[in-house]
Amino acid sequence: MSGTNNVRAHRKEARITQAELGKICGVSRQSIVSVEGGDYAPSVYLALRLARALDTTVETLFGNEGEAES
């Protein structure tokens, strides 16, 4: 089972393509596809670049709402 995140929803809301988001973040379109599909967990640096590009937070994109905080 692949992980879930909100990157695709935020990208579509921003009306930018996977290729455009990749260019903004300095990665390939294929990397964006993998992140959106939950097949690739981005580095902290890429997660921050994605959040900035999509005008949101890393927690909003990748947070696990079901997990209890310790």
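**Exercise 1. Find where Thr-4 sits, and decide whether Thr-4 is buried or exposed.**

Step 1: Thr-4 belongs to the segment before helix H1 (7-14); helices are DSSP runs (H or I, at least four residues), numbered from the N terminus.

Step 2: Thr-4 has 67% relative accessibility, so Thr-4 counts as exposed. Here buried means under 20% relative accessible area, exposed over 50%, and partly exposed in between (1.4 Å probe, protein chains only).

Step 3: Now look across to Gly-38, which is 34 residues from Thr-4 along the chain; their C-alpha atoms are separated by 5.5 Å.

A word on the model: it is predicted, so local features need pLDDT of at least 70 and side-chain atom pairs pLDDT 80 or more, while totals for chains, interfaces and linings use all residues. Residues are numbered from 1 along each chain as its sequence is written, and side-chain values use heavy atoms, leaving out hydrogens and water.

**Exercise 2. Work out which backbone atoms lie by the side chain of Asn-5.**

Step 1: Start in the segment before H1, where Asn-5 is placed.

Step 2: A polar atom of the Asn-5 side chain lies 3.0 Å from the backbone nitrogen of Val-7.

Step 3: The backbone oxygen of Val-35 is 2.6 Å from a polar atom of the Asn-5 side chain.

Step 4: Beyond its neighbours within four places in sequence, Asn-5 is in contact (heavy atoms within 4.5 Å) with residues including Glu-36 and Phe-62.

**Exercise 3. Trace the salt bridges of Glu-36.**

Step 1: Recall that a salt bridge is a side-chain nitrogen of Lys or Arg within 4 Å of a carboxyl oxygen of Asp or Glu. The whole structure has two.

Step 2: Glu-36 and Arg-8 form a salt bridge through their side chains (3.3 Å, N to O).

Step 3: Check accessibility: Glu-36 is buried at 5%, Arg-11 is buried at 8%, and Arg-8 is partly exposed at 36%.

Notes
Helices (H or I, at least four residues) and strands (E, at least two) are DSSP runs, numbered from the N terminus. A polar contact is a pair of N or O atoms within 3.5 Å; within protein, one must be able to donate a hydrogen and the other to accept it, and residues adjacent in sequence count only if both atoms are side-chain atoms.
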